[in-house]
Amino acid sequence: MNDDEFAEDGYEDEGFDLGPLEEELRRAAAILDPVPAELRQIAVAAYALHDLDARIAELTFDSVVDAIPVRGATDVPRMLTFRAGEVTVDVEVTGDGLMGQVLPPQQALIEVLTGPQSGAPLVADDMGRFTGDAPPVGPFALRLRTGGEVVVTEWLRV
């Protein structure tokens with residue numbers, strides 16, 4: 001049934017709120033026929049390739065994997081380092097947001113990719129420093145535009 005047929009049947013006029021029904025159907029589909037993790041990973045990787053001219057920045061340090069945990073420490077920021085050729089990006093992710101620096105220091109436009117649409121772009125100053133007020137949710141990557149170059153980080157889950 002298309003939208004015109006739906007409106008002709010009077011459902012729209014009677015004030016039915018289809019939001020809860022749609023949400024319930026999505027939950028049922030997620031339980032009964034979930035998207036396989038491998039397919040989801042392939043889709044995320046394919047989306048990352050939509051910037052074919054971009055250089056991929058490889059994750060070279062992740063505090064979750066590479067750092068020695070501190071006993072008793074809670075809510076520890078996650079430290080990440082990405083490298084693409086001569087460009088290095090250091091990022092600290094906390095519950096309050098993220099901050100980082102592009103090295104060598106340079107101005108850059110940084111997009112936090114979390115899905116089909118990127119969030120509001122962050123701007124790195126002359127020293128390469130940038131901050132974002134919202135922490136990434138779910139899988140995320142960073143897209144940096146420095147001069148004529150585009151660099152995209154690997155996708156990670158917070």
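1. Let's start in helix 2 (residues 19-32), where R27 and E24 sit three residues apart, so about one helical turn separates them. Their side chains meet in a salt bridge, at 3.6 Å from N to O. Keep in mind that this is a predicted model.

2. Now for strand 8. R143 forms a salt bridge with E111, and their closest N and O atoms are 3.1 Å apart. Since R143 belongs to strand 8 and E111 to strand 5 (residues 108-113), this pair ties together parts that are 32 residues apart in sequence. Both R143 and E111 are buried.

3. E111 has another partner to look at: R145 forms a salt bridge with E111, with the closest N and O atoms 3.4 Å apart. R145 lies in strand 8 and E111 in strand 5, so here the parts being tied together are 34 residues apart in sequence. R145 is partly exposed, with a relative accessible area of 32%, whereas E111 counts as buried at 12% relative accessibility.

4. The structure holds eight salt bridges.

5. Strand 8 (residues 139-146) is also the place of T146. T146 is buried, with a relative accessible area of 6%. Apart from neighbours within four places in sequence, T146 is in contact with Q106, Q107 and A108.

6. A108 turns up again in the contacts of L122. Leaving out residues up to four places away in sequence, L122 touches L98, A108, L109, I110, V112, F130, T131 and G132. L122 is found in strand 6 (residues 122-124) and is buried, with a relative accessible area of 12%. Between the C-alpha atoms of L122 and D133, eleven residues apart along the chain, the separation is 9.7 Å.

7. Which strands pair with strand 2? Strand 1 (residues 55-62) runs antiparallel to strand 2, with four bridges joining them, and strand 3 (residues 87-94) pairs with strand 2 in the antiparallel sense over seven bridges. L80 of strand 2 is the bridge partner of D62, and V91 in strand 3 is the bridge partner of L80.

8. In its hairpin with strand 3, two residues lie between the strands, and G85 takes a positive phi near 65°.

How values were computed. Residues numbered from 1 in each chain as written. Predicted model: local features only at pLDDT ≥ 70, side-chain atom pairs only at ≥ 80, totals over all residues. Heavy atoms only, no water. Buried < 20%, exposed > 50% of the residue type's maximum accessible area, 1.4 Å probe, protein only. Contact = heavy atoms within 4.5 Å. Pairing = 2+ DSSP bridges. Salt bridge = Lys/Arg side-chain N within 4 Å of Asp/Glu carboxyl O.
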